[in-house]
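The sequence and the model are shown first, and the description follows.

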Amino acid sequence: MRNTVSFGSWRGALILCVVAAGVLWPKLQPRLDTALVRDSPACPHSSDFPSSNATVAGREEILCLLNVERAKVGLAALREEAHLDTAAQYQSDDIATRHFFAHVDPDGRTPADRIAAAGYPPSPLTGENIAWGTESDGTPVRILDAWMHSPGHRANILRPQYTEIGIGITRGAPQAVQMRAAVYATTFGGGPLQPSVVPKSTQRY
């Protein structure tokens with residue numbers, strides 16, 4: 001006996017496949033897009049979507065990417081600083097929780113206010129970058145690329161006076177989204193103010 005399949009059954013199966021693809025594609029496409037993002041050659045895993053809030057790996061990748069850009073123009077590498085990390089994480093958490101996207105929060109606090117509240121010592125210069133993205137645009141390598149194509153953010157990253165940085169990463173978004181999203185904040189510092197050098201003739205022993 002020969003098995004046969006009618007044209008009608010093939011057409012029905014084809015329709016089912018098309019319908020299934022239409023239902024599944026919106027969910028699969030962002031994940032596929034994320035999987036196709038490439039790491040920066042110098043920073044392995046920089047295309048990984050953050051696995052959680054305040055992920056150490058994510059902070060390491062952002063720091064790596066930032067320092068690659070600074071090295072390109074002969075600048076010293078930034079070093080991560082715990083107080084600045086606290087200020088940056090507070091900002092990224094707050095953006096995702098209260099659904100705003102600005103350097104000045106709904107209570108009127110500025111980056112300098114948050115940095116001081118985190119216990120960072122008085123510094124000659126401080127600043128902040130923020131960004132957010134969904135799926136592939138929420139990966140460290142894409143966030144850094146967006147910052148480097150924005151004059152103000154790029155200026156912060158390449159400011160010679162900055163020596164220290166804090167990095168905040170939060171799963172979420174400043175608005176309702178149906179896909180995975182992540183908020184990033186970086187706080188920059190120029191190190192603590194150095195005490196003025198007292199002329200030798202006025203020094204007391």
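The text below describes the sheet, the helices, the cores and the disulfide of this predicted model.

Four strands make up an open sheet of mixed pairing, in the order 1-3-4-2. Strand 1 (79-80) and strand 2 (126-134) are at the edges with a single partner strand each, so one side of each has no neighbour in the sheet. Strands of a sheet pair through backbone hydrogen bonds, in either a parallel or an antiparallel sense. The table lists the pairings.

| Strands paired | Sense | Bridges |
|---|---|---|
| Strand 1 and strand 3 | parallel | two bridges |
| Strand 3 and strand 4 | antiparallel | eight bridges |
| Strand 2 and strand 4 | antiparallel | nine bridges |

Arginine 79 stands opposite glutamate 164 in strand 3, and glutamate 164 in turn stands opposite glycine 189 in strand 4. Glutamate 128 has threonine 187 of strand 4 as its bridge partner.

Strand 4 is mostly covered, with nine of its nine residues buried. In a regular strand the side chains alternate between the two faces of the sheet. Both faces of strand 4 are covered: on one side Ala181, Val183, Ala185, Thr187 and Gly189 are buried, and on the other Ala182, Tyr184, Thr186 and Phe188 are buried.

Threonine 134 belongs to strand 2. Is threonine 134 buried or exposed? Its relative accessible area is 19%, and the limit for a buried residue is under 20%, so threonine 134 counts as buried. Neighbours within four places in sequence aside, threonine 134 is in contact with Val177, Met179, Arg180 and Ala181.

**Helices on the sheet**

Helix 2 (residues 56-72) lies across strand 1, strand 3 and strand 4 (181-189), and runs at about 135° to strand 3. Helix 5 (residues 140-148) also packs on the sheet, where it touches strand 2 and strand 4; its direction makes about 125° with that of strand 2.

Helix 3 has 17 residues and reaches 24 Å from its first C-alpha to its last, close to the 24 Å expected at 1.5 Å a residue. Its buried residues are Leu84, Asp85, Ala87, Ala88, Gln89, Gln91, Ser92, Asp94, Ile95 and Ala96. These buried residues pack against helix 2, helix 4 (111-117) and strand 1, strand 2, strand 3 and strand 4. Just after helix 3, histidine 99 adopts a positive phi of about 55°.

Alanine 88 has a relative accessible area of 0% and is buried. Which residues does alanine 88 touch, not counting residues up to four places away in sequence? They are Gly166, Ile167, Gly168, Ala185, Thr186 and Thr187. Alanine 88 and tyrosine 184 are 96 residues apart in sequence, yet their C-alpha atoms are 8.2 Å apart in space.

**The nonpolar cores**

The largest nonpolar core has 22 residues, of which Leu144, Trp147, Ile157, Ile165 and Tyr184 touch the most other members. Helix 2, helix 5, strand 3 and strand 4 are the elements that give two or more residues to this core. Another core, of seven residues, lies apart from it and includes Ala96, Phe100, Val183 and Ala185.

Tyrosine 184, one of the residues of the largest core named above, has contacts in several parts of the chain. Not counting residues up to four places away in sequence, tyrosine 184 touches Pro50, Ile62, Asn129, Ile130, Ala131, Gly138, Thr139, Pro140, Ile143, Trp147, Gly168 and Ile169.

**The disulfide**

The structure holds one disulfide. It is formed by cysteine 43 and cysteine 64, whose sulfur atoms are 2.0 Å apart. The link of cysteine 43 and cysteine 64 is left-handed, with -90° about the S-S bond. Cysteine 43 lies in the loop between helix 1 (7-35) and helix 2, and cysteine 64 lies in helix 2, so the pair ties together parts that are 21 residues apart in sequence. Cysteine 43 counts as buried at 0% relative accessibility, whereas cysteine 64 counts as partly exposed at 23%.

Notes
Residues are numbered from 1 along each chain as its sequence is written. This is a predicted model: local features need pLDDT of at least 70, side-chain atom pairs count only at pLDDT 80 or more; totals for chains, interfaces and linings use all residues. Side-chain values use heavy atoms; hydrogens and water are left out. Two strands pair if DSSP finds at least two bridges between them. Contact means heavy atoms within 4.5 Å. Axes are lines fitted to C-alpha atoms, for helices over the stretch in contact, and angles run from 0 to 180 degrees between N-to-C directions. Buried means under 20% relative accessible area, exposed over 50%, partly exposed in between (1.4 Å probe, protein chains only). A disulfide is a pair of cysteine sulfur atoms within 2.5 Å. The expected span of a helix is 1.5 Å times one less than its number of residues. A nonpolar core is a set of buried Ala, Val, Leu, Ile, Met, Phe, Trp, Tyr and Cys residues joined through side-chain atoms within 4.5 Å.
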